[in-house]
Amino acid sequence: MKKLKKHLRPLLLALVMTAVLTVPAFASGGGGGTGNVGAVVESTWKDAAGQIKTVVNNVVFPALDMILVIALFGKAGLSYFDYKKHGQFEWTGPVILFVCLILTLLAPTYIWTIIGI
């Protein structure tokens, strides 16, 4: 029973503090507190879309390009060693990685028109 009381007091204190310090949030939608959540989400998306586009163009796509270049050179090297060993060059892996690299290099020019930003 002492163990239960020992753990129950901090839990009750945390619950009471949470109830006291919690502030309800209502969507105001820009029109006198109408509660239009859709307008608030749209407004937030419009504000954040430019920042998201910048981060994706400057961070995500270059990181993907770097990973694909490393994988392409690694796969080409392994394919060359397989060629030296077996006498037949396997093109499938390097070609797929090369096509993926080309697509990610070109993606920033067309992906935003598809998404609509």
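Okay, let's start with a convention: angles under 35 degrees count as roughly parallel, over 145 as roughly antiparallel, 65 to 115 as roughly perpendicular, and the rest as oblique.

Quick word on the source. This is a predicted model, with residues numbered from 1 along each chain as its sequence is written. Local features need pLDDT of at least 70 and side-chain atom pairs count only at pLDDT 80 or more, while totals for chains, interfaces and linings use all residues, and side-chain values use heavy atoms, with hydrogens and water left out.

So, the pair. Helix α2 is residues 37-86 and helix α3 is residues 92-115; helices here are DSSP runs of H or I, at least four residues, numbered from the N terminus. They pack at an angle of about 170°, and their axes are 8 Å apart. The axes are lines fitted to C-alpha atoms over the stretch in contact, and angles run from 0 to 180 degrees between N-to-C directions. By the convention I opened with, α2 and α3 are therefore roughly antiparallel to each other.

Who makes the contact, meaning heavy atoms within 4.5 Å? On the α2 side, the residues include Phe61, Leu68, Leu72 and Ser79. On the α3 side, they include Pro94, Leu97, Leu101, Ile111 and Trp112. The residues of this contact split into 17 nonpolar, four polar and three charged. For the bookkeeping, Ala, Val, Leu, Ile, Met, Phe, Trp, Tyr, Cys and Pro are nonpolar, Asp, Glu, Lys and Arg are charged, and the others, Gly among them, are polar.

Let's walk along α2 now. Is Ser79 buried or exposed? With a relative accessible area of 3%, Ser79 is buried; buried means under 20%, exposed over 50%, and partly exposed in between, with a 1.4 Å probe and protein chains only. Not counting residues up to four places away in sequence, Ser79 touches Phe89, Glu90 and Pro94.

Leaving aside neighbours within four places in sequence, Asp82 is in contact with Gly87 and Gln88.

Gly74 is in α2 and is partly exposed at 36%. Gly50, again in α2, is partly exposed at 40%. From Gly50 to Ser79 you have 29 residues in sequence and 42 Å in space, C-alpha to C-alpha.

Gln51 is another α2 residue, and this one counts as exposed, at 57% relative accessibility. Gln51 and Met66 are 15 residues apart in sequence and 22 Å apart in space, C-alpha to C-alpha.

Last stop, α1, residues 2-21. How far does α1 reach from its first C-alpha to its last? The 20 residues reach 29 Å, close to the 28 Å expected at 1.5 Å a residue; the expected span is 1.5 Å times one less than the number of residues.

One more distance before I stop: Gly74 and Pro24 are 50 residues apart in sequence and 55 Å apart in space, C-alpha to C-alpha. That's it from me.

Notes
Helices (H or I, at least four residues) and strands (E, at least two) are DSSP runs, numbered from the N terminus. Contact means heavy atoms within 4.5 Å.
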